[in-house]
Amino acid sequence: MKTAILNFSKQLAYQPVIEQKKNLNKKKQFIVLGMGGSHLAADLLQEVAPNLPLTIHSDYGLPAVSTTTLRDSLIIASSYSGNTEEVIDGFHEARKKKAALAVIAVGGKLIELAKKHRVPYIELPNTGIQPRSALGFSLVALLAFTGQTAIQKELKIVSQKLKPAAFKLAGKKVARFLQNRIPVIYTAEQYKSIAYNWKIKLNENTKIPAFYNCVPELNHNEMNGFDIVESTRHLSSSMSFVFLVDRTDLSKNKKRLQILKTLYEARGLPVLQVELNGKSVLEKALRSLLVADWASVYLADYYGIDPEPVPLVEEFKRLVG
Ligand code: F6R
């Protein structure tokens, strides 16, 4: 896992090849079918390119969209292993509905199906890393289908200056703060995918419970669950909060996080602010996720846990499939 983190920037230099490209039905709208680590790139793209008409579907079948939307969309079936049943189900459904289809995977059934049905596909490099660690490969491949040239260019520039080892110290600091605590990650709505990605790194790498939420929504409900009194203190006593804050953000959400920090600390809830640094949303996201990567593996070290495998996910897939 540590090697995968150190090699992360190399993923961004990957040049994907669209196979069976002559069958690619060019569209301006996109529906990404993907579960777990295989929709992280699409989540990030939604934040980086908020005007891109992109729907993410993490379920069996296809999302409930109008026939016009379906006709105007390219459906991208994304599964790192190529064997995730929900995504394969969506692939078959899309074929049944004669929708425009494309595939991203390292291999597995999806690549076999793409070859069989002459569906355009990108076969990701199989470097033996976990799907959640392949965010860079997935993002570059996704961009090859959505054709966001400005973001492709920016990604190249960001990747040249992104040095994963430089984030070790920041990760260590977060890991120390979170020792023996249940992490809760908060940020502003516009950075939702970053907070979600932090949470899943802690779930899958460290194998601990971790949660996330965003302001302003959480100020209308979740926050109230932490208005501790003596009889409820034990319920929240093992929780620690990481606030992902953007100092350059002018929005009211920045103020909300500041006020919330004061209110939580007054109730004895530990809060660590971690800054989102970078010139663009993309850079902020990639830098922050590297901090999360290191934090999750150092915390795994602390608990004596191997950050790489996800045996419960594998066991569940065997039982359900
Ligand atoms: C494992 C991981 C999982 C998988 C998910 C879907 O590292 O991150 O969340 O991504 O179970 O599997 P794939 O990505 O193979 O479709």
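**Pockets, cavities and buried helices**

The second largest pocket has a volume of about 270 Å³. Here a pocket is an open set of points, on a 1 Å grid over the protein atoms alone, with protein on both sides within 12 Å along at least five of seven lines, whereas a cavity is a set of points where a 1.4 Å probe fits but cannot get out; lining residues have an atom within 4 Å of a point. Grid points are joined across faces, edges and corners, and a volume is the space filled by probe spheres set on the points. The model is a predicted one, in which local features need pLDDT of at least 70 and side-chain atom pairs count only at pLDDT 80 or more, while totals for chains, interfaces and linings use all residues. Residues are numbered from 1 along each chain as its sequence is written, and side-chain values use heavy atoms, with hydrogens and water left out.

The lining of this second largest pocket consists of Leu12, Ala13, Tyr14, Gln15, Pro16, Val140, Leu143, Thr149, Gln152, Lys153, Leu155 and Lys156. Helices (H or I, at least four residues) and strands (E, at least two) are DSSP runs, numbered from the N terminus. By class, the lining of the second largest pocket divides into 7 nonpolar, 3 polar and 2 charged residues, where Ala, Val, Leu, Ile, Met, Phe, Trp, Tyr, Cys and Pro count as nonpolar, Asp, Glu, Lys and Arg as charged, and the others, Gly among them, as polar.

The largest pocket holds about 910 Å³ of space. It is lined by 35 residues, of which Met35, Gly36, Thr84, Val313 and Lys317 are the closest to its centre. The elements that contribute two or more residues to this lining are α5 (85-96), α10 and α14 (311-320), with α14 giving the most, 7 residues. The lining of the largest pocket comprises 14 nonpolar, 12 polar and 9 charged residues, and at least three residues come from each of domain 1 (2-160) and domain 2 (164-303), the bounds of which come from an automatic or database domain assignment.

The structure holds 4 cavities of 30 Å³ or more, and the largest cavity has a volume of about 90 Å³. Its lining is made up of Met1, Ala4, Ile5, Phe8, Arg132, Ser133, Leu135, Lys201, Leu286, Leu289, Leu290 and Asp293. Both α1 (2-6) and α13 give two or more residues to the lining of the largest cavity, and α13 gives the most, with 4 residues. Because domain 1 (2-160) and domain 2 (164-303) both give residues to this lining, the largest cavity lies between them. By class, its lining residues are 8 nonpolar, 1 polar and 3 charged.

The second largest cavity contains about 40 Å³ of space, and is lined by Thr187, Ala188, Tyr191, Leu244, Val245, Asp246, Asp249, Lys254, Leu257 and Leu276. The elements giving two or more residues to this lining are β6 (182-188), β8 (239-245) and α12 (252-266).

Helix α3 (residues 40-48) is mostly covered, as 8 of its 9 residues are buried, namely Leu40, Ala41, Ala42, Asp43, Leu44, Leu45, Glu47 and Val48. These buried residues of α3 pack against β1 (29-33), β2 (54-57), α7, α8, α10 and α13 (281-303).

Ser193, which lies in α10, is buried because its relative accessible area is 8%. Ser193 touches Asp43, Leu44 and Glu47, when residues up to four places away in sequence are not counted, a contact being defined by heavy atoms within 4.5 Å. Although Ser193 and Glu47 are 146 residues apart in sequence, their C-alpha atoms are 7.4 Å apart in space. Glu204 is also found in helix α10 (residues 192-206), and it counts as buried because its relative accessibility is 19%. Leaving aside neighbours within four places in sequence, Glu204 is in contact with Arg132, Pro307, Pro309, Val310 and Val313.

Terms used. Buried < 20%, exposed > 50% of the residue type's maximum accessible area, 1.4 Å probe, protein only.
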